[in-house]
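Here is a colleague's note for someone meeting this model for the first time. Please keep the structure open while reading, and go through the points in order.

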Amino acid sequence: REQDQALRSLFNKAAGTTLAVAVDTASSEAGQDRLMTRAEFHAFFADLHLAEPTRYKKATAEVLDMRYDEALRIQADCTKIDSGLLFWSFKAALNNITGDIRLGWSAVVRCTVQVSAGSESP
């Protein structure tokens, strides 16, 4: 939640389609939400290899498509909007992808435990 504003800013830069809405007080842009297309979703992850050089290979086109489709299906069921991901759907897809590339809390804990164990003196 603390990172929502920064993440929304990244999302707004990556998502090129604007969806006009009647009243949306939660949106950072009054009366507008952005939609992220499949191509923009793939482009968002295009430089993942720079941030996660060992894990980026797990974020294949098939995995990205699967997570995009899952989020879009749920969003469309709730809102009837199926032409791109809204911010909250993007967040859901992003959350699922972190598990796919093993970037969740369990991976952080494993790395921390391994580093701590390696730094102990015999």
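1. Helices (H or I, at least four residues) and strands (E, at least two) are taken here as DSSP runs, numbered from the N terminus. Read in this way, the protein chain runs α-β-β-α-α-α-α-α from the N terminus on, with six helices and two strands.

2. Some words on the basis of the note: this is a predicted model, in which local features need pLDDT of at least 70 and side-chain atom pairs count only at pLDDT 80 or more, while totals for chains, interfaces and linings use all residues. Residues are numbered from 1 along each chain as its sequence is written, and side-chain values use heavy atoms, with hydrogens and water left out.

3. Consider the chain as a whole. A residue is called buried under 20% relative accessible area, exposed over 50% and partly exposed in between (1.4 Å probe, protein chains only), and by this rule 32% of the 122 residues of the protein chain count as buried. The chain exposes about 8,100 Å², of which carbon and sulfur atoms supply 56%; accessible areas come from the Shrake-Rupley method with a 1.4 Å probe, and for residues only the protein chains shown count as cover. If contact is taken to mean heavy atoms within 4.5 Å, then residues 24 or more positions apart account for 52% of the contacts in the protein chain with a separation of 6 or more.

4. Which residues of helix α1 are buried? In this helix, which spans residues 4-14, they are L7, R8, F11 and N12. They lie on the same side of α1, because they cover an arc of only 140° around the axis, where the arc is that of the directions from the helix axis to the C-beta atoms.

5. The packing of α1 and α5 deserves a look: the two helices meet at an angle of about 105°, and their axes are 11 Å apart. This makes α1 roughly perpendicular to α5. The contact is made by D4, L7, R8 and F11 of α1 and by F87, F90, K91 and L94 of α5. Axes are lines fitted to C-alpha atoms, for helices over the stretch in contact, and angles run from 0 to 180 degrees between N-to-C directions; those under 35 degrees count as roughly parallel, over 145 as roughly antiparallel, 65 to 115 as roughly perpendicular and the rest as oblique.

6. The structure holds seven aromatic pairs. Rings of Phe, Tyr and Trp (its six-membered ring) pair if their centres lie within 6.5 Å, and planes under 30 degrees apart count as stacked, over 60 as edge-to-face and the rest as tilted. F11 and F90 form a tilted pair, at 5.2 Å centre to centre and with 40° between the planes. F11 lies in helix α1 and F90 in helix α5 (residues 87-100), so this pair ties together parts that are 79 residues apart in sequence. F11 is buried at 0% relative accessibility, and F90 is buried with a relative accessible area of 0%.

7. F41 and Y68 are also a tilted pair, because their ring centres are 5.4 Å apart and their planes stand at 55°. This pair links distant parts of the chain, with F41 in helix α2 (residues 38-44) and Y68 in helix α4 (residues 61-79), 27 residues apart. F41 is buried at 0% and Y68 is buried at 3% relative accessible area. Ring pairs link F11, F41, F44, F45, Y68, F87 and F90 into a cluster.

8. In the loop between α4 and α5, is L85 buried or exposed? At 0% relative accessibility, L85 counts as buried. Beyond its neighbours within four places in sequence, L85 is in contact with several residues, including F11, F41, Y68 and F90. L85 and F41 are 44 residues apart in sequence, and their C-alpha atoms are 8.7 Å apart in space.

9. K80 lies in the loop between α4 and α5 and has a positive phi of about 70° although it is not a glycine. At 66% relative accessibility, K80 counts as exposed.
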